[in-house]
Amino acid sequence: MPRVIELNVNGAARRVNASSERSLLSVLRDDLDLTGAKYGCGEGQCGACTVLLDGEAVRSCITPVSRAAGKRVTTIEGLEQDGRLHPLQEAFLETGAMQCGYCTPGMIMSGVSLLAKGANPNDAEIVHGMQGNICRCGTYPRIVAAVRMAGLHMKTQRRAS
Amino acid sequence: MTSELTRRDFLSALGGGVVVLCVVEAADAQESGRRARGGDARPQEISAWLHIGEDGMVAVYTGKAEMGQNIRTSLSQAVAEELHAPVASIRMIMADTDLVPYDMGTFGSRTTPTMAPQLRKAAAAAREALVELATSKWGVDRAAVQVADGRIIAAGRSAGLGELTGGQQLVHKIGADVTLTPAIEWKIAGHSVPKVDGRDMVTGRHRFASDVKRAGLLHGKVLRPVAFGAKLVNLDDAAAKQIPGVIVLREGEFAAVAAPDAATAERALSALKAEWKTEEGQPSDSQLFAYLKAHAEAGEDRQARGSIDQGLADADHKLSQTYTVAYIAHTPLEPRAAVAEWTGDKLTVWTGTQRPFGVREELAGAFGIPQERVRVIVPDTGSGYGGKHSGEAAIEAARLAKASGKPVKLVWTRQEEFTWGYVRPAGVIEITSGVKNDGRLTAWDFHNYNSGSSGAQITYDIPHHRILFHPSKSPLRQGSYRGLAATANHFARESHMDEIAQALHMDPLEFRLKNLKDERQRAVLLAAAEKFGWGKQKPEAGHGFGLAIGFEKGSYLAAGAEVAVEGGRPKIVRVVESFECGAVVNPDHLRNQVEGSVIMAIGGALFEQIRFENGRIVNPKLSQYRVPRFSDVPVIETVLVDRKDLAPIGAGETPIVGLAPAVANAIFQATGKRPRSLPMVV
Ligand code: FES
Ligand code: FES
């Protein structure tokens, strides 16, 4: 069986030794102990397992680890830089966009990829872009507010620089 | 941990500082979610304790579990308020059966009305003890000593909260006689303090039960029967055992595997060849309501008033209608999960549950060992909504851990969660009512079959009423749920109220007010109606407006909804919900709970339904069981009616009950068709 030997995760080369058909989610969680991405359904329906591959949001539960080989994998653990949170992480705290927090990592990763695409999305674009993520606690309005807030913030930052 | 011995052990482990034990009478203990001790003469039991360490850190020990209802923060606020200390100095030690006093569980919205006041008293007592200590140590007047922002201050001197005890341990017991800061003077409680562990949540650092890792951990999988009631006749595990690292366990009907990684465990599971004997003739969802009625028992109403016959004889109009409610699943985003580890003859289990001590008892029973040898640790959980009272995954993981001699993690798949968890009860509700031409209700005869009695009591003033719950035989395993039967009962009652109003050509708001004397209920109704703009405008074509009121577990609400129906599909456009649960502890988090409840309620109102046939769940996947998503969310306006003069009441559940009937009433206005089932079919 072909195996995946190395992954580039959060900017570092990580050794793994996983048969290639295993899900990226299980390799991240079980082999690399990156448990930020969550299992919620295993069928690509809830987005709790969302991570970025070359900046694009994917459902890691239905992504074979072989697809991540040679790509940049970003997980929730890799967003914070030198103790500084990503603007969307800040915005989640600011708006209180969580209850149990189980959907939060996946929500943030989906949001980060959305923000990277269209810098400053409006509410309809946010709803459309985040539709694949479920929050069972129903914090959707706050998540929309958080993404909007981070979008604005990133726009002003870009202007300033 | 309630015996004197363990208490003493525990206290010595705490070291120096001030310890305050919350002591409650056993009768109250039961109320606060604690074990009733049959026959004991009201023994005093300890429900929680608080320890101020010499470093000034305050540790609070309680058996309550955090599942997203935000009690880790709100309880910290309550303690900080009375201690006059910053929230950041408080650490909540929750739901670890070896560290915290016994607690019956986190459900029924009991944490805020019972646990929070106990902790506030403990904090107030601790503060008083420190003031006394400062008075004697510094030789100053008691009135001159103040505690502010985590420091004790008097006559130019000041000390941290932990500095005065000088290595000793001062133990205080508090009872009911401590006075508390009235809500009107709150500085920390009553305000929107950010979630204390928010940063761990947004960085992925928080470890849920399914994230717990132990050295040498194996991953477990359980062989599930092909249908409910199926018996395992034969198991061929030869192929599975061939796979390196795999352990197969068979004990009677229970068969499971464990392997060093989840993929191998899954492979081993599918390599098991099982033969099942199935049970034919099980009821399916298409016969559900007839089945529930056919198996119903007689009910009893101890609060009935007057005579239904008389009430109907007095009426100018009579109306009888039937409403039905499907089974729905909690679908917590984190499925049931457990990590179990045996060290010698002691078992430790990390699991997401609302009843850590209940699960400890289940585990002790399953392995025939004393409860003292079982430790259940509940990491803050990926929600429960009433769905995580039991310890199935914990027992399964512990069995595999015992057989393999290694720690085992077991995470239920979404499909297992849908199939082998329990569901919110389905029900049939029949109402017969009588009303005068002027809109005064004369009779209310209410029968709930199977789904339950909660939230069925009326706040309407009706001279003749009877409210009966008829337990029945449920084809599916059913259990607790956020608000439980209150949603079904509110849906039926408030829909029926609109049906009567319509028969009388009366405005639904006017009709309700006419029959309401309860001031708190009137206040929330008027607050919601005003915010909604009830009666100010007509809905646009294809839209409808609806109202509903609610009362359950001591709190009151009213909801107004605007719904658009296009091509037979209802879309909720706007919801106004007013909510009153006594004094508000944390307005922002209360809003979050109300919004979350309203959104969760959309699922049960419009799409969610567990379908079953032949002992099998027909739709056990998220692709087949639709839950609310971003695009389903209406504009939600929450009106909090803050009653600082009343004690705070829990709010994790009741806000869920008003949405379905308000939406049903709006759909009727939009289409002229009356939905009488949940989920609603238009
Ligand atoms: S776990 Fe991957 S989408 Fe649900
Ligand atoms: S916060 Fe609980 S699922 Fe989103």
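**Figure 1. Salt bridges across the whole predicted model.** Over all chains, 52 salt bridges are counted, a salt bridge being a side-chain nitrogen of Lys or Arg within 4 Å of a carboxyl oxygen of Asp or Glu. Glu82(B), Arg120(B), Arg127(B), Glu128(B), Glu132(B) and Arg142(B) are linked in one network of such bridges. This is a predicted model, in which local features need pLDDT of at least 70 and side-chain atom pairs count only at pLDDT 80 or more, while totals for chains, interfaces and linings use all residues. Residues are numbered from 1 along each chain as its sequence is written, chains are lettered from A and ligands numbered from 1 in the order in which they are written, and side-chain values use heavy atoms, with hydrogens and water left out.

**Figure 2. Salt bridges within chain B, pair by pair.** Glu499(B) and Arg676(B) form a salt bridge whose closest N and O atoms are 2.8 Å apart. Glu499(B) lies in helix H13 of chain B and Arg676(B) in the loop between helix H17 (659-671) and E28, so the pair ties together parts that are 177 residues apart in sequence. Helices (H or I, at least four residues) and strands (E, at least two) are DSSP runs, numbered from the N terminus. Glu499(B) is buried at 6% relative accessibility, whereas Arg676(B) is partly exposed at 28%. Buried means under 20% relative accessible area, exposed over 50%, and partly exposed in between (1.4 Å probe, protein chains only). In a further pair, Lys553(B) bridges to Glu552(B), with the closest N and O atoms 3.6 Å apart. Lys553(B) is partly exposed, at 31% relative accessible area, and Glu552(B) is buried, at 10%.

Figure 3. Helix H7 spans residues 262-271 of chain B, and its buried residues are Ala262(B), Thr264(B), Ala265(B), Ala268(B) and Ala271(B). The cover over these buried residues includes H1 of chain A, together with strand E9 (218-222), strand E10 (231-236), helix H6 (238-242), strand E12 (254-259) and strand E13 (273-277) of chain B. Glu266(B) forms a salt bridge with Lys221(B), the closest N and O atoms being 3.9 Å apart. Glu266(B) lies in helix H7 and Lys221(B) in strand E9 of chain B, so this pair ties together parts that are 45 residues apart in sequence. Glu266(B) is partly exposed, at 46% relative accessibility, and Lys221(B) is buried, at 11%.

**Figure 4. Glu341(B) in strand E15.** Glu341(B) sits in strand E15 (residues 337-343) of chain B and is buried, with a relative accessible area of 15%. The side chains of Glu341(B) and Arg214(B) are joined by a polar contact of 3.0 Å. A polar contact is a pair of N or O atoms within 3.5 Å; within protein, one must be able to donate a hydrogen and the other to accept it, and residues adjacent in sequence count only if both atoms are side-chain atoms. Not counting residues up to four places away in sequence, Glu341(B) touches Arg214(B), Lys346(B), Leu347(B), Thr348(B), Trp350(B) and Pro407(B), where contact means heavy atoms within 4.5 Å.

**Figure 5. The interface of chain A and chain B.** Chain A contributes 48 residues to the contact and chain B 55 residues. The two chains bury about 4,300 Å² between them, 54% of it on carbon and sulfur atoms; buried area is the accessible area (1.4 Å probe) that two parts lose on being put together, summed over both. Eight salt bridges are counted between chain A and chain B, including one from Arg142(A) to Glu595(B), with the closest N and O atoms 3.1 Å apart. There are also 29 residue pairs in polar contact across the interface, both residues at pLDDT 80 or more. On the side of chain A that touches chain B, at least two residues each come from helix H1 (24-31), helix H2 (87-95), helix H3 (104-117), helix H4 (123-130) and helix H5 (140-160) of chain A. H5(A) supplies the largest share, five residues.

**Figure 6. Backbone details in chain B.** Most residues other than glycine have a negative phi, and most peptide bonds are trans. His84(B), which is not a glycine, has a positive phi of about 55 degrees and lies in the loop between helix H3 (71-83) and strand E4 (90-94) of chain B. Leu678(B) and Pro679(B) are joined by a cis peptide bond, with omega about -5 degrees.
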